[in-house]
Structure formats: C-alpha cells, structure tokens
Amino acid sequence: KVADLMAARGYYTVILARVVGANGVVYSVSPTVRKQLTDRLKDPAYANVKTVEGKMDAFSLPANTLDFVIINLNYHDLDPQTRAGMNKLVYAALKPGGVYAIVDHSAKEGSGNEATKTLHRIDKKLVIQEATEAGFRLAGEGTMLARPDDKRDVSTLKERNQDDRFVLRLEKPK
C-alpha cells in the first residue's frame, strides 16, 4: 500500500499502480482530483488506485497501513503549516518501518523557505528538519538527481530539468 501526494495528473500514481500490482493499493492524494487523472484511471490496469481529495494537511488515509509515500517536486509548493500537518498525516498512515520519500528542487543551503515562491526551490536541511519534527528519521539520500554545478539561483520553471534535486528516504521508526 502506497500513496502519491500532490498527484495532480497522476504521472507517478500510474507508475506506482503498475509497481504494486493488482494486489496492491495506491492512494492518489491531491487538493483537487483533476480530470486528466480520472480519465487516466478509467483504464482497468489502474483499478488498484483510490483517489483522495482534500487539503494537504487534512486528507484521510488509513492509519498504520502504508508501506511507502512519495511527494515529488511539490513539497516546496506548500506553506510551512500545511507541510507540518501533512507530515503528521503521512507519519500516522505509514506502518512502522514505512518509507516517506521527498524529492524536490534544491535551494541554497541555509535559505529555508526563502526561495519557495520565487525560485520554486527549498532548502534540503529545512525539509529534513520538518520531517524529523513529525517523527521521521533520515534513513538515506539519493544522489541520482544531483547537479552540483547548479548555482541554485534560477527558477526551476525557467530552466526545466537543469536543477539540482535532492531525494530523501525518511522512515517511520519500528
């Protein structure tokens, strides 16, 4: 059982649906379920997807049942209060040992929320701090999306796919 947060049109939702297979469940969570997603989910291959609509700090998922939750390139779009509420909901939904993956655009170290609206980036250390405040522990970081040459001073909307990104593996303690 997995969840895709801020699923939008469901790009990662359908990938996850294929990964977990017919016996798995994918919760596709968004503030508003988009028509592109509902159209996509008409395909019988995605019968294992359940859409969840609601504020990102007030959605409902079954407690202590999920194995994995991901938010990809949208954590920075949420205000700090919403992120705090969302992190608590994710923590409650994951099984002990469950994984919370956060992938986002890297801001300059120490910049906190400073670049979230202007450059669409967030400070990785702030994300780790917020997740650990919700009870998670940092279990690893992926470097597959790293771009050390990125100066982190240009909007990610201007130069698409040219930015440094962090990949965090956070776990709910067993």
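**View 1. Helix α4 against the sheet.** In this predicted model, helix α4 lies across the strands β5 (94-105), β6 and β7 and runs at about 15° to β7.

View 2. The volume of the second largest pocket is about 200 Å³, and its lining consists of 15 residues, with Ser106, Lys124, Arg152, Asp164 and Phe166 lying nearest the centre. Sorted by class, this lining holds eight charged residues together with four nonpolar and three polar ones.

**View 3. The open sheet.** Seven strands form an open sheet whose order is β3-β2-β1-β4-β5-β7-β6, and the pairing within this sheet is mixed. Its edges are taken by β3 (49-53) and β6, each of which pairs on one side only. From one strand to the next, the twist averages 20°. Strands of a sheet pair through backbone hydrogen bonds, in either a parallel or an antiparallel sense.

**View 4. The pairing of β1 with β4.** Strand β4, comprising residues 66-72, pairs with β1 in the parallel sense, and four bridges join the two strands. Within this view, Leu5 stands opposite Ile71 of β4.

**View 5. Helix α1 against the sheet.** Helix α1 lies across β1, β2 (26-30), β3 and β4, and its direction makes an angle of about 170° with that of β1.

**View 6. The largest pocket.** The largest pocket has a volume of about 750 Å³ and is lined by 26 residues, among which Ala8, Arg9, Asn72, Leu73 and Asn74 lie nearest its centre. Two elements, β1 (2-5) and α1 (11-20), are those that give two or more residues to this lining. By class, the lining of the largest pocket comprises 10 polar, nine nonpolar and seven charged residues.

View 7. Thr82 belongs to helix α3, which covers residues 80-93. With a relative accessible area of 13%, Thr82 counts as buried, because that term applies to values under 20%. When neighbours within four places in sequence are left aside, the residues in contact with Thr82 are Met56 and Asp57.

Conventions:
Residues numbered from 1 in each chain as written. Predicted model: local features only at pLDDT ≥ 70, side-chain atom pairs only at ≥ 80, totals over all residues. Heavy atoms only, no water. 1 Å grid on protein atoms, 1.4 Å probe; cavity = no way out; pocket = protein on both sides within 12 Å on 5 of 7 lines; lining within 4 Å. Points joined across faces, edges and corners; volume = space filled by probe spheres on them. Nonpolar A, V, L, I, M, F, W, Y, C, P; charged D, E, K, R; others polar. Pairing = 2+ DSSP bridges. Axes fitted to C-alpha atoms, helices over the stretch in contact; angles between N-to-C directions. Contact = heavy atoms within 4.5 Å. Buried < 20%, exposed > 50% of the residue type's maximum accessible area, 1.4 Å probe, protein only.
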